[in-house]
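The sequence and the model are shown first.

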Amino acid sequence: MGHSKSDKAETHARIVKVAAKRFRELGLEGIGVADVMKEAGVTVGGFYKHFESRDELVVEALATAFHDLDHWEEHTDTLTEALKNYLTEEHRDAPGTGCALGALLGDMTRASRSAKAVYTERLKRTLANSTGLVPQNGPQNGNSDRRARAILTISAMLGAINLSRAVSDPKLSREILQRTRDELISLNK
């Protein structure tokens, strides 16, 4: 007995959702196709009914993970609000549901061209959004100054969230988040 197109689409979406979460938690090379398929409740033999390659799954999972950023950016009105929500212990401790830009930053240096292309396009969108949130410091400072501060802010945010996850000292981890957040808020007033 065959499966309907809607069943196949639901299964496909479930596989991608599992991969999006697990890639953020474990990295692109931290979990194999067999484990993703098992967690999605599908036999590994069915993988090629849904994807031509592992890279296709990675690209779709990245796109899915980046949808969380769409929601977050749509509901963030100020850069201060973004910083206060991003540089938190809760976000640090939940990479599987957090920002995929941060969670997969280290993986992108070794990722495929297609995965890097998806990551790059997302970063460009986030940069455009963040530039719009950077306050203008006087009439002489135009969009290039705001863009420069947005690049600095995003770079510091991604670095701080990753550094806070990398250290074993909880006090230092908390300090990295707090100090970076406070300094960026001060810089962008």
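The model is a predicted one. The residues of H1 that are buried are Thr11, His12, Ile15, Val16, Val18, Ala19, Ala20, Phe23 and Arg24. H1 takes in residues 5-26, 22 residues in number, and its end C-alpha atoms are 31 Å apart. At 1.5 Å a residue the span should be 32 Å, so the two values agree. After H1 comes Gly27, which has a positive phi, near 90 degrees.

Glu10 also belongs to H1. With a relative accessible area of 52%, Glu10 is exposed, because the cut-off for exposed is over 50%. Between the C-alpha atoms of Glu10 and Val118 there is a separation of 23 Å, and the two residues are 108 residues apart along the chain.

## Helix H10: two faces

Helix H10 runs over residues 170-187 and has 18 residues. From its first C-alpha to its last it reaches 26 Å, close to the 26 Å expected at 1.5 Å a residue. Buried in H10 are Ser173, Ile176, Leu177, Thr180, Arg181, Leu184 and Ile185. These residues lie on the same side of H10, because they cover an arc of only 140 degrees around the axis. In an α-helix there are 3.6 residues a turn, so residues three or four places apart point the same way.

The face of H10 turned away from the buried side carries Lys171, Arg179 and Glu183, which are exposed. At the start of H10, the backbone nitrogen of Lys171 has a side-chain oxygen of Asp169 within 2.9 Å.

## Packing of H10 against its neighbours

A packed pair of helices is described by the angle between their axes and the distance between the axes. For H9 and H10 the angle is about 170 degrees, and the axes are 9 Å apart. H9 is therefore roughly antiparallel to H10, as angles over 145 degrees count as roughly antiparallel. On the H9 side the contact is made by Arg149, Leu152, Thr153, Ala156, Met157, Ala160, Ile161, Leu163 and Ser164. H10 contributes Ser173, Ile176, Leu177, Thr180, Leu184 and Leu187.

## His91 in helix H6

His91 is located in helix H6. Its relative accessible area is 9%, so His91 counts as buried, the cut-off being under 20%. A polar atom of the His91 side chain lies 2.8 Å from the backbone oxygen of Tyr86. Leaving out residues up to four places away in sequence, His91 touches Asn85, Tyr86, Gly98, Cys99, Ile161 and Arg165. Of these, Ile161 is also named among the H9 residues in contact with H10.

## The chain as a whole

The protein chain has 10 helices and zero strands, and its pattern along the sequence is α-α-α-α-α-α-α-α-α-α. The C-alpha trace spans about 70 × 40 × 30 Å along its principal axes. The chain has 189 residues, of which 42% count as buried. Among contacts with a separation of 6 or more, 68% are between residues 24 or more positions apart.

Conventions:
Residues numbered from 1 in each chain as written. Predicted model: local features only at pLDDT ≥ 70, side-chain atom pairs only at ≥ 80, totals over all residues. Heavy atoms only, no water. Helix = DSSP H or I, 4+ residues; strand = E, 2+ residues; numbered from the N terminus. Expected span 1.5 Å × (residues − 1). Buried < 20%, exposed > 50% of the residue type's maximum accessible area, 1.4 Å probe, protein only. Arc of directions from axis to C-beta. Polar contact = N/O pair within 3.5 Å; in protein donor to acceptor, adjacent residues only side chain to side chain. Axes fitted to C-alpha atoms, helices over the stretch in contact; angles between N-to-C directions. Parallel < 35°, antiparallel > 145°, perpendicular 65-115°, else oblique. Contact = heavy atoms within 4.5 Å.
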